Amino acid sequence: MDKINQTFVLEFLLLGLSGYPKIEIIYFVLILVMYLLILTGNGVLIIASIFDSRLHTPMYLFLGNLSFLDICYTTSSVPSTLESLISKKRNISFSGCAVQMFFGFAMGSTECFLLGMMALDRYVAICNPLRYPIIMSKVVCILMASVSWLSGGINSIVQTSLAMRLPFCENNIINHFTCEILAVLKLACADISLNTVTMVISNMAFLVLPLLVIFFSYMFILLTILRMNSATGRRKAFSTCSAHLTVVIIFYGTIFFMYAKPRSQDLLGEDKFQTSDKLISLFYGVVTPMLNPVIYSLRNKDVKTAVKYLLNRKPVQ
């Protein structure tokens with residue numbers, strides 16, 4: 001019985017920025033504003049892609065999925081972060097931590113695959129435009145999006161189950177904003193080699209593989225663009241790809257920093273989670289979803305036109 005009591009944890013304590021009380025209110029305001037921008041920007045993109053027939057194309061189907069994913073991801077963690085910053089309530093139940101971890105990991109994994117699918121879509125559109133409507137049919141696009149969501153969910157179930165089955169020996173203080181999996185694994189008082197192996201496999205499948213797809217897709221796209229005789233065609237091709245490439249660079253830059261560092265720094269290092277790592281995690285979790293709709297709308301004439309039409313649309317009397 002004593003052993004069970006020592007290994008079972010009923011709740012966790014999220015430290016967040018508890019060591020910096022003077023700047024917590026500043027972070028509260030910043031995160032709240034960014035969260036509202038995330039809901040507004042991504043919500044407008046989703047509504048525009050549904051109601052504007054000009055956006056009923058594979059690229060905007062994936063973009064709509066990406067916007068919905070960003071809303072789900074931030075909603076799973078930002079409200080609790082805001083609550084902890086303003087009310088100093090930092091505890092989260094064991095089950096609540098598991099749910100938060102699941103959604104965070106699932107959304108991140110799904111976004112990796114979605115960005116890869118979007119690169120394939122751009123490859124077919126630019127390198128094989130005549131067969132584009134046939135190859136990227138509605139059924140194929142829905143199947144590609146479904147595979148992204150399903151694989152991300154399965155990966156998260158595996159990682160979350162393996163993490164939350166570990167004994168924590170009453171060590172329930174998570175030095176992070178949320179129940180981030182690497183921060184939780186540091187609390188375990190048992191061998192985490194299985195978690196390390198599965199995390200490496202997950203990194204290969206959901207980080208490296210989609211990145212290779214994106215790299216080779218854009219290599220072929222670049223070669224095709226350089227062969228174009230029309231300067232207008234080259235500019236249009238670059239314009240359709242630039243937004244996606246910008247999102248890929250921001251997303252993969254932050255996620256590789258978090259999950260692809262040497263294991264000695266993340267899983268076997270000191271218990272203290274460095275402030276820089278927290279801020280990088282915050283950037284990945286809030287700033288990136290906020291920038292996605294801005295990036296796509298600024299460089300995309302179709303999206304800007306659809307959003308203007310949606311905003312100026314008069315309600316039916």
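Reader: Three strands form an open sheet here; in what order do they lie?
Author: Happy to start there: this is a predicted model, where local features need pLDDT of at least 70, side-chain atom pairs count only at pLDDT 80 or more, and totals for chains, interfaces and linings use all residues. Residues are numbered from 1 along each chain as its sequence is written, and side-chain values use heavy atoms, without hydrogens and water. Strand 2 (91-93) and strand 3 (173-174) are the edges, each pairing on one side only (two strands pair if DSSP finds at least two bridges between them). The pairing is mixed, and the order is 2-1-3.

Reader: Which residue is the bridge partner of L14 in strand 3?
Author: Strand 1 (residues 11-14) and strand 3 run parallel, joined by two bridges. In strand 3, L14 has as its bridge partner I174.

Reader: At what angle does helix 5 run to strand 2?
Author: Helix 5 spans residues 94-127. This helix lies across strand 1, strand 2 and strand 3, and its angle to strand 2 is about 85 degrees.

Reader: How is helix 3 oriented relative to helix 5?
Author: Helix 3 (residues 58-75) packs on helix 5 with the axes 10 Å apart, at an angle of about 165 degrees. That makes the pair roughly antiparallel (over 145 degrees).

Reader: How many residues of the contact of helix 3 with helix 5 are nonpolar?
Author: The contact (heavy atoms within 4.5 Å) includes F62, L66 and L69 of helix 3 and M107, L114 and M118 of helix 5. Three of its residues are polar and four charged, and the nonpolar ones number 14.

Reader: Is T81 buried or exposed?
Author: T81 is found in helix 4 (residues 78-87). Leaving aside residues up to four places away in sequence, T81 touches I31, F177 and T178. Its relative accessible area is 7%, and the cut-off is under 20% for buried and over 50% for exposed, so T81 is buried.

Note on methods: Axes are lines fitted to C-alpha atoms, for helices over the stretch in contact, and angles run from 0 to 180 degrees between N-to-C directions. Helices (H or I, at least four residues) and strands (E, at least two) are DSSP runs, numbered from the N terminus. Angles under 35 degrees count as roughly parallel, over 145 as roughly antiparallel, 65 to 115 as roughly perpendicular and the rest as oblique. Ala, Val, Leu, Ile, Met, Phe, Trp, Tyr, Cys and Pro count as nonpolar, Asp, Glu, Lys and Arg as charged, and the others, Gly among them, as polar. Buried means under 20% relative accessible area, exposed over 50%, partly exposed in between (1.4 Å probe, protein chains only).
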